[in-house]
Amino acid sequence: MKHFYFLLLLCGFLGIQSARAQSAGEKAVLNDTAKVDRFFSSSLDAVLDYFTANYKIRFVFDRQQMQDINIADRYKDETVKDVIKFICKRNGLYYARQADGTYFIMKSLEDLPRLKRAPALALRNVAAEEDRSRYAVGASPALKTAAALLPKPAVLGPLAVRRDLAVSGRVTDQLTGESLPAATVKVMGTSILALCNADGYFTLSKVPADTVILLISFAGYQTAQERLTAASSSASLVIGLLPAYNALNEVEIAGKRNGIINTDPRKVSVIQLSPAKLAELPSMGERDILRAFQLMPGIGASNESSSGAYVRGGTPDQNLVLFDGFTVYQVDHLYGFFSAFNANAVKDVQMYKGGFSSRFGGRLSSVTDISGKEGNKKDINFGGDLSLLSLNLYGETPLGSKSSALFSIRRSYQGILYDKIFGKLSNPSAATTTPQGGAGGFGGRGGGAADNQTQISSWFYDLNGKYTFTPNDRNIFSISYYSGSDDLDNSRDLGIPGSLATTLNSSSIVDLTKYGNLGSSAKWSSRWSNKLYSNTLVSYSSYFSDRNRSTSNSVTDSADVTSTVANGTFENNDLKDFSAKSDWEYTMSNKAKLLFGGFASLQDIKYVYAQNDTSTLIDQHNRGTTLGGYGELELTAGKLLVQPGLRLTHYNVTGKAYLEPRFSASYALSDRWMLKGATGRFYQFANRVIREDILAGSKDFWVLADGKNIPVGSAFHYIAGASYETDQFLWSVEGYYKTLTGLTEYSLRQLRTGGFRNGTVTLEENFYNGRGYARGVEFLLQKKTGRYTGWIGYTLGQAYNNFSAYGTDYFPANHDVTQEFKSINMYHYGRWTVSATWIYATGKPYTAPIGSFTIDRPGGGTITSLTITGKNTERLPAYHRLDAALTYDLVKVNTSKIGSIGFSLFNIYNRVNTWYREYQLQGNQVISTDVNYMGLTPNLTLTLKWK
């Protein structure tokens with residue numbers, strides 16, 4: 001054994017001497033892809049020092065830890081990167097490579113925050129000697145090497161050859177090649193910056209010199225530095241960013257957009273979401289994009305039964321939701337409990353809460369613009385999520401050197417969690433029933449209590465696919481596809497009385513709901529020059545909703561003939577949308593940009609309402625086209641940014657042109673204080689009208705405005721706010737006021753002609769038109785960096801409507817919530833993330849039947865009428881709940897995340913929150929039933945990916 005150690009030490013001595021001799025005469029390689037041909041026999045810190053000296057790679061590590069690890073291996077024709085990976089894997093170490101090429105070597109992920117402070121500590125003259133010598137920053141001696149390897153500031157002296165030049169390029173994910181829309185590119189030490197467009201392209205004008213440093217940041221990624229050279233400044237840059245992992249985010253300040261949900265301080269009412277970080281938030285069972293937005297102020301969070309957004313007093317149908325350019329009309333699954341968008345297929349999400357750009361139109365409240373992933377351009381990858389609710393699989397691959405493809409599919413399965421949610425939403429048997437003496441509300445979704453044999457067979461799915469072809473650095477072609485559907489079956493068999501057993505074969509209640517959305521787009525993005533960019537697409541989107549609420553009886557008559565009779569209601573709503581649009585950007589300078597484009601669409605909508613399987617009572621078929629264009633300027637004058645815009649739309653159904661002026665502005669009082677405001681006119685031509693029924697429950701369906709019974713909806717927005725932002729904190733306040741006209745509600749009235757016994761009953765359609773307003777103020781305080789992150793949001797608002805059918809006074813809208821408070825908290829420690837959210841909202845308004853009376857009809861018979869309260873004069877109890885989640889990241893040796901295990905608890909203290917109230921008449925007494933939202937619900941989720 002002594003001889004073995006002697007030989008080992010001898011070999012180590014000879015290996016190091018040989019390495020030193022050879023390194024003196026070889027040319028240094030400046031990256032970690034260079035080949036290694038060496039035998040090492042020494043402590044690990046000496047090996048890392050060798051790599052630094054010979055390959056100019058910057059390492060940060062705890063020298064005391066690395067001195068205890070001995071390396072005795074031969075490496076031949078292997079890259080430095082592979083050698084580091086092998087050494088760390090064999091010795092139970094981790095390494096984290098940053099965008100600037102720096103390697104952090106550590107024994108555990110918890111060491112990373114301390115190591116990231118080491119470069120600054122090693123360069124401080126006031127630091128204690130033992131602290132400075134403990135860390136290696138680059139190579140030994142630490143101080144000289146660190147100083148030599150740290151980025152140098154740009155020198156704009158007489159040696160700079162080119163000045164005031166234009167620089168353009170594209171920002172991508174370094175690992176996959178995906179473009180990163182809305183990434184920020186800034187010239188260090190100046191106010192010159194640009195935001196990347198939807199395909200990651202950017203242009204900077206009047207860059208001071210070709211030796212400056214660019215700072216590139218994007219939510220969920222490490223900030224990168226790109227030093228320009230004479231050669232790179234003349235070419236189109238491709239800048240890759242590396243994902244930021246939880247451990248890195250503990251101390252890394254990656255610019256001002258580093259959280260799950262971020263705001264743009266220069267834009268009015270704009271927020272951005274990072275889908276890669278959604279797993280950190282508590283959820284019922286899925287990483288939900290739209291529900292994450294509900295945690296921000298101004299967006300309603302107390303509607304568990306809708307993942308659609310109630311934005312600043314608006315309704316979900318007043319929100320434009322785009323996925324890769326096509327409109328999505330059905331945005332949720334399972335009665336609205338989950339978003340219809342698979343987070344594994346989404347790259348970036350931007351939401352405009354109001355006062356949005358002239359590029360968008362056709363809605364009164366907000367815009368949610370979703371960009372789908374393009375697929376990995378560098379390697380094959382696949383993965384999936386498994387929860388108590390659904391299975392989610394995805395795959396992505398390069399197709400040659402210029403193409404990529406991605407697919408994802410998610411399908412629910414009938415497990416414990418699914419059955420619990422479905423039973424609660426469609427069959428609320430666990431409700432509290434009380435005689436009505438003055439409280440109540442509007443009805444539910446139909447269904448009622450299932451006190452017979454219920455045979456549930458329900459599921460939902462969504463499918464995404466995308467193909468991207470990039471023939472060169474100036475053109476991108478892509479085809480995107482989405483399909484999502486719900487099949488909800490709450491049908492049940494009824495028992496057959498013995499007296500009818502010979503004639504009645506079967507009797508059942510049919511309770512079927514099917515709805516979904518299909519969409520696709522073909523897009524061509526082109527960068528015609530460094531200043532001119534276009535995005536042109538054609539798209540198709542369809543929505544369908546089929547409802548069957550009936551009883552079905554199979555009867556055999558005396559002639560032994562069997563027939564099936566169905567009695568009930570049948571509703572069908574179909575919408576088809578064919579669209580084309582072309583958006584153009586012309587960058588005149590760093591201070592001026594022109595946006596312009598044109599659009600056209602054809603919408604075809606059908607609505608059919610039938611009874612008893614044969615009688616079609618309503619058969620609407622509307623078709624309309626919109627055609628128009630827009631123009632908008634982005635102008636910067638010192639600290640002032642203004643965006644005047646104009647949108648013009650011609651609607652063939654009314655034969656009119658609708659002009660929509662828009663304007664927004666922001667003014668920087670300092671580098672931290674920002675004032676901003678916006679105003680504008682907005683029109684909506686396709687509406688989802690509500691058919692309200694006090695007893696049986698409200699329904700809704702899409703129709704086109706005709707300018708008569710259904711007017712074109714209109715809104716005017718007024719927004720003003722201020723924000724204060726540092727690298728770690730953001731405080732903002734925004735006030736809003738918007739007026740609405742052309743609001744529509746729908747009802748059916750039964751009319752009897754002829755005698756009471758022999759007369760006929762017909763249905764009369766009534767469209768009630770009204771107007772409304774919404775006003776409020778929103779507060780946000782957000783901590784963006786550090787181990788603890790999160791935000792507090794508060795909204796004080798009103799949403800009131802006025803319909804002449806209900807009187808002359810304004811009344812609270814169905815979705816009016818006076819106050820909402822939200823507290824979102826996340827704590828990161830190494831691989832662990834603990835999060836908790838608490839939501840409080842005042843109760844929603846409703847209209848209640850408070851009694852009934854019966855009168856005799858002439859000629860015989862009676863009629864029972866309801867006495868109801870004023871329109872929405874009652875309020876449900878306040879809503880509040882606490883959710884929490886614990887997530888453990890699964891990481892590789894290089895700290896790349898390959899999955900996670902998450903456990904979440906929804907509604908921890910089992911708060912009984914009322915969803916709605918439904919009613920039954922027994923004699924002349926109204927019986928009220930409270931239907932409640934979900935109680936305490938746990939969930940477990942496993943997420944894995946191959947790479």
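Which side chain does Glu374 meet in a salt bridge? The close-up views below, all taken from a predicted model, begin with that pair.

**View 1. Glu374 and Arg170 meet in a salt bridge.** The partner of Glu374 is Arg170, and the N to O distance is 4.0 Å. Glu374 sits in the loop between β21 (366-372) and β22 (381-387), while Arg170 belongs to strand β7 (residues 163-173), so this pair ties together parts that are 204 residues apart in sequence. Both Glu374 and Arg170 are buried. Look around the pair and you will find a network of salt bridges that links Arg170, Glu178, Lys347, Glu374 and Lys377.

**View 2. Lys523 and Asp199 form a salt bridge.** Here the closest N and O atoms are 3.7 Å apart. Lys523 comes from strand β30 (residues 504-527) and Asp199 from the loop between β9 (193-195) and β10 (201-209), so the contact ties together parts that are 324 residues apart in sequence. Lys523 is buried, and Asp199 is buried too.

**View 3. Lys76 and Asp37 form a salt bridge between two strands.** The closest N and O atoms of Lys76 and Asp37 are 3.8 Å apart. Lys76 lies in strand β3 (residues 70-79) and Asp37 in strand β1 (residues 35-43), so the pair ties together parts that are 39 residues apart in sequence. Asp37 is partly exposed, with a relative accessible area of 31%. For the model, the count of salt bridges comes to 26.

**View 4. Asp369 is buried without a salt bridge.** Side chains of opposite charge can pair when their charged atoms come close. For Asp369, the nearest side chain of opposite charge is Arg359, 5.0 Å away; the cut-off for a salt bridge is 4 Å. Asp369 has its place in strand β21. What is Asp369 in contact with, leaving aside its neighbours within four places in sequence? The residues are Leu322, Asp348, Val349, Gln350, Tyr352 and Phe360.

**View 5. The largest nonpolar core has 41 residues.** In soluble globular proteins, nonpolar side chains tend to be buried together. The members of this core that touch the most other members are Leu273, Ile289, Phe293, Ile299, Phe341 and Trp791. Several elements each supply at least two residues of the core, among them β15 (270-273), β20 (346-352), β45 (819-829) and β53 (914-922). Which element gives the most to this core? That is α9, with 4 residues. Zoom in on Ile289 and, not counting residues up to four places away in sequence, you can find it touching Leu273, Leu278, Ser339, Phe341, Ala343, Val346 and Val349. Apart from this core lies another, of 26 residues, among them Val36, Phe40, Phe59 and Leu93.

**View 6. Four strands form an open antiparallel sheet.** Strands of a sheet pair through backbone hydrogen bonds, either parallel or antiparallel. In this sheet the order is β9-β8-β11-β12. The edge strands, β9 and β12 (224-227), each pair on one side only. Direction ignored, neighbouring strands are turned by 20 degrees against each other on average. Strand β11 (residues 213-217) pairs with β12 over 4 bridges, in the antiparallel sense. To find your bearings along these two strands, look for Leu214, which stands opposite Glu226 in β12.

Terms used:
Residues are numbered from 1 along each chain as its sequence is written. This is a predicted model: local features need pLDDT of at least 70, side-chain atom pairs count only at pLDDT 80 or more; totals for chains, interfaces and linings use all residues. Side-chain values use heavy atoms; hydrogens and water are left out. Buried means under 20% relative accessible area, exposed over 50%, partly exposed in between (1.4 Å probe, protein chains only). Lys and Arg count as positive and Asp and Glu as negative; His and the chain ends are not counted. Contact means heavy atoms within 4.5 Å. A nonpolar core is a set of buried Ala, Val, Leu, Ile, Met, Phe, Trp, Tyr and Cys residues joined through side-chain atoms within 4.5 Å. Two strands pair if DSSP finds at least two bridges between them. Axes are lines fitted to C-alpha atoms, for helices over the stretch in contact, and angles run from 0 to 180 degrees between N-to-C directions.
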